[in-house]
Amino acid sequence: MGWFICSGQSSKDAKKELKSKNDDQIRSAASDKSNKKFPQVVTTNAFKEAGLDQTAAQIFTFRELAAATKNFREDCLLGEGGFGRVYKGWLESKNQTVAIKQLDRNGLQGNREFLVEVLMLSLLHHPHLVNLIGYCADGDQRLLVYEYMPLGSLEDHLHDLPPDRKPLDWNTRMKIAAGAAKGLEYLHDKTKPPVIYRDLKCSNILLGEGYHAKLSDFGLAKLGPVGDNTHVSTRVMGTYGYCAPEYAMTGQLTLKSDVYSFGVVLLEIITGRKAIDNSKSTGEQNLVAWARPLFKDRRKFPQMVDPLLQGQYPFRGMYQALAVAAMCVQEQPNMRPLIADVVTALSYLASQNYDPESGRSNQGSHSSSSTPRSRRATAM
């Protein structure tokens, strides 16, 4: 699924200086009201022209990336979307397998989104964010080079599975959910100012060895509110089915908008259903709308679980995971939990290794409570 317009260091001082400069760069690129003028056609010098050349990303020529993908051959194609195509490539200079995203010049990701993504992933680093290796901006060609994630996206393992692919077991699902939540927690709580991801969905959660989850695609990311501000106002962008209702209606974006999107993803992980599935009957096409009546009766929770799990999941863990999802997709944003509380809950659930043979979970050393409490007025 693509995007849509949703309305329908050596010293502490040196570190502080670098961090301040990095924050200014992100703020400049990510703000719709920035005074910086972005070039209509992105070139290799565009970052310098915009005052945004302090990135760690390597610059590649188009010829290098064409060679890496065997001239963008079809058998190197990993996937495609509204932004363009992603190819698997081999960089001789780095002796490394990579994923190369070639942006469609007529696609949904424009120059601003390209600049934002390069800057965000150059300046923000976390084990649960995909690693940007470099970019190419030769003429009107725009390409991004990422670390290669061998297991593809979460979407590949949840929906429309080929006959030779086994469905994810419960333990793996909770591990992926916890990992994605940790990436979002880093953006919300560890960066200054906070970053609102704005495009959290299954296809943007990539999986490495051992199903290690990483967030990808930061072209829509925005800086969150600071000081006394409760939200940032922006043009409504996102993916249908994942967009928080208050954001879709008003354009007012908060950290809790991401929490809603995460709740949709968590529901997909538990149920195996798509956020929007037009092949289903009218009342079941929208995942959240289908789930809300069932949330009211815990006796119906087992009806929501992915049939592909074939009953091999811990009932207590299932109830707790669905309780977390239910709180994340509350209609009122101040009723949704902070992502840090979601991380605590899902980390606990991921630590409870379920054994399908015995039907039991190995108890960890965490607190017995794994359901976060929503904080009404905090960090909206």
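**Close-up views of a pocket and a strand**

**View 1. The largest pocket lies between two domains.** Domain 1 (55-147) and domain 2 (152-351) both give residues to the lining of the largest pocket, so this pocket lies between them. The model shown here is predicted. The volume of the largest pocket is about 710 Å³. Its lining is made up of 30 residues, and those closest to the pocket centre are Gly79, Val86, Ser153, Ser203 and Leu206.

**View 2. Several elements line the largest pocket.** Two or more lining residues come from each of β3 (77-81), β5, β7 and α5 (154-158). Strand β3 gives the largest share, with four residues. What kinds of residue form the lining of the largest pocket? There are 13 nonpolar, eight polar and nine charged residues.

**View 3. Strand β7 is mostly covered.** This strand spans residues 143-147. Five of its five residues are buried. Strand β7 also gives two or more residues to the lining of the largest pocket.

**View 4. Strand β7 pairs with β5.** Strand β5 covers residues 96-103. The two strands run in the antiparallel sense, joined over five bridges. Look for Val98: Glu147 in β7 stands opposite. In a regular strand, side chains alternate between the two faces of the sheet.

**View 5. Strand β7 pairs with β6.** Strand β6 covers residues 132-136. Its pairing with β7 is antiparallel and has four bridges. Here Cys136 stands opposite Leu143 in β7. Strands β6 and β7 form a hairpin, with six residues between the strands. Which residue in this hairpin takes a positive phi? Gly139 does, with a value near 55°.

Definitions and conventions:
Residues numbered from 1 in each chain as written. Predicted model: local features only at pLDDT ≥ 70, side-chain atom pairs only at ≥ 80, totals over all residues. Heavy atoms only, no water. Buried < 20%, exposed > 50% of the residue type's maximum accessible area, 1.4 Å probe, protein only. Pairing = 2+ DSSP bridges. 1 Å grid on protein atoms, 1.4 Å probe; cavity = no way out; pocket = protein on both sides within 12 Å on 5 of 7 lines; lining within 4 Å. Points joined across faces, edges and corners; volume = space filled by probe spheres on them. Nonpolar A, V, L, I, M, F, W, Y, C, P; charged D, E, K, R; others polar. Domains from an automatic or database assignment.
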